[in-house]
Amino acid sequence: MRESYQKLGNYIQPVVGRNTELRDIPLMGLSINKVFFPSIANTIGTNMGTYRIIKRNQFGYGPVTSRNGEKITIALFKDHDEALISQAYTPFEVKDKNKLDPEYLMMWFRRPEFDRYARFKSHGSAREIFSWDEMCDVMLPIPSIEKQREIVAEYQAIEQRIQINQKLIEKLEETAQAIYREWFVEFENYESTFLEEYIETNPKLELKKGELTSYIEMANLSETSMCINGKTERGYQGGSRFQNEDILLARITPCLENGKTAFVNILNPNEVAAGSTEFIVMRAKKNISPYWVYCLAKDDEFRAYAISSMIGSSGRQRVHEKYLEEYSLPKIDPQNMIDFHKSARPIFETVKLKSKENQKLTELKELVLAKMAQSG
DNA sequence: ATAATTGTTCACGAGGCAGA
DNA sequence: TCTGCCTCGTGAACAATTAT
């Protein structure tokens, strides 16, 4: 270990104090994603006096590491001036912010190496604990405060760009949806037809058992955008099959209700990929824009129809694609479709570009974290 | 007979409670 | 503080049934 590595214990101290006055301030939880969020605890009948109080720029962590996916629950609190957290978490703070920058320390905690370290250093029989003493024994590079702030600024700049892209993607999706509504929903046409005239569901595609293919699981789908984040390679063993420009619609509780729908654009041309058994693949028929299919799949009216037609018992309800094909909608003017496709294309292309850019930026972020080990 | 669809169960991650 | 346990959500495996 380098000489410039320092013992964390010299820079931090625990925070004491319980909610004995039963104050009415926000109750927060924290997760292995290393963020605070509004707590999901059921606190009816709970004695809130035992809860701990955490203040802005203090940290909280969960000493229990053995049941959290090889990760440690730790986050820097910035959402409010003060909040309550469960007694299960240990709050602590940096003694002197001019010697150790809290944001810089949080960056160190975000490193995957720190997760592994915390797990490795956990001990106990029934439950493995990363104790306060172990936390104090953590060694990390602590350069000058100026250098720390420089590193933090670099990291935050990347984060900001990701957020800007994310916002842009959201706006673009809204725009696409607005164009769709204007042209196809508010469009007056009293002649109606069924969806099967325009789309094909679960098109037949060949994949051999055991063949190595790209695989997209439910977790890769976003609830808010068309972008698919990540894929894996594995031998084909069943499930849905699709290609670029197909639309994936999650058909099972609660993924459908949550809006998990994707526009496939991350495959190679002509590549056939596999995915979760719980996707319905929607494909545009001849002369129909795949962009239109995506917008339809995200349309409130269509989604309400899909949700209302879910069947199955024991809480695991699914949509049947036959029902989707029977969805009734106004007949589409072919010229309208051509014009819509032209208008929507730049939107979808930009979303694809920005989503790719964000993947690169995310890699870059990880690189900045990895680099910290050399900054001492 | 085989594939596709539908129903059921299982495991377990994650967040947290509460008594000793 | 320690630790036994609860609850909810969810993906996936497995089983049963139906279609081809």
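**Exercise 1. Identify which elements supply at least two residues each of the lining of the largest pocket, and characterise that pocket.**

Solution. Step 1: the elements are β7 (73-76), α1 (102-110), α2 (112-120), α4 (145-185) and α8 (334-371), each of which supplies at least two lining residues. The structure is a predicted model.

Step 1: the largest share of this lining, five residues, is contributed by α8.

Step 2: the space in the largest pocket amounts to about 770 Å³. Its lining comprises 24 residues, and those closest to the centre are Asn33, Arg110, Tyr155, Glu159 and Lys365.

Step 3: sorted by class, the lining holds eleven nonpolar, two polar and eleven charged residues.

**Exercise 2. Describe the second largest pocket by volume, lining and class.**

Solution. Step 1: the volume of the second largest pocket is about 430 Å³.

Step 1: 18 residues line this pocket, and Gln166, Ser225, Cys227, Asn229 and Asn358 lie nearest its centre. Two or more lining residues come from each of α4 and α8.

Step 2: α8 provides the largest share of the lining of the second largest pocket, six residues. Helix α8 likewise gives the largest share, five residues, in the largest pocket.

Step 3: by class, the lining of the second largest pocket has four nonpolar, ten polar and four charged residues. The corresponding counts in the largest pocket are eleven, two and eleven.

**Exercise 3. Determine why α1 is described as largely enclosed by the rest of the structure, and examine the start of the helix.**

Solution. Step 1: a residue is buried when its relative accessible area is under 20%. The buried residues of α1 are Pro102, Glu103, Tyr104, Leu105, Met106, Met107, Trp108 and Phe109.

Step 1: these make up eight of the nine residues of α1, and the helix is therefore largely enclosed by the rest of the structure.

Step 2: at the start of α1, the backbone nitrogen of Glu103 has a side-chain oxygen of Asp101 within 2.9 Å.

**Exercise 4. Characterise the packing of α5 against α6.**

Solution. Step 1: helix α5 covers residues 290-298 and helix α6 covers residues 300-308. Their axes are 5 Å apart and form an angle of about 60°.

Step 1: Leu296, Ala297 and Lys298 make the contact from α5, while Asp300, Phe302 and Arg303 make it from α6.

Step 2: by class, the contact of α5 with α6 has three nonpolar, no polar and three charged residues.

**Exercise 5. Summarise chain A as a whole.**

Solution. Step 1: chain A contains eight helices and 20 strands.

Step 1: the C-alpha trace spans about 75 × 50 × 40 Å along its principal axes.

Step 2: chain A has 376 residues, of which 48% count as buried.

Step 3: when contacts between residues at least 6 apart in sequence are considered, 80% join residues at least 24 apart.

How values were computed
Residues numbered from 1 in each chain as written. Chains lettered and ligands numbered in written order. Predicted model: local features only at pLDDT ≥ 70, side-chain atom pairs only at ≥ 80, totals over all residues. Heavy atoms only, no water. 1 Å grid on protein atoms, 1.4 Å probe; cavity = no way out; pocket = protein on both sides within 12 Å on 5 of 7 lines; lining within 4 Å. Points joined across faces, edges and corners; volume = space filled by probe spheres on them. Helix = DSSP H or I, 4+ residues; strand = E, 2+ residues; numbered from the N terminus. Nonpolar A, V, L, I, M, F, W, Y, C, P; charged D, E, K, R; others polar. Buried < 20%, exposed > 50% of the residue type's maximum accessible area, 1.4 Å probe, protein only. Polar contact = N/O pair within 3.5 Å; in protein donor to acceptor, adjacent residues only side chain to side chain. Axes fitted to C-alpha atoms, helices over the stretch in contact; angles between N-to-C directions. Contact = heavy atoms within 4.5 Å.
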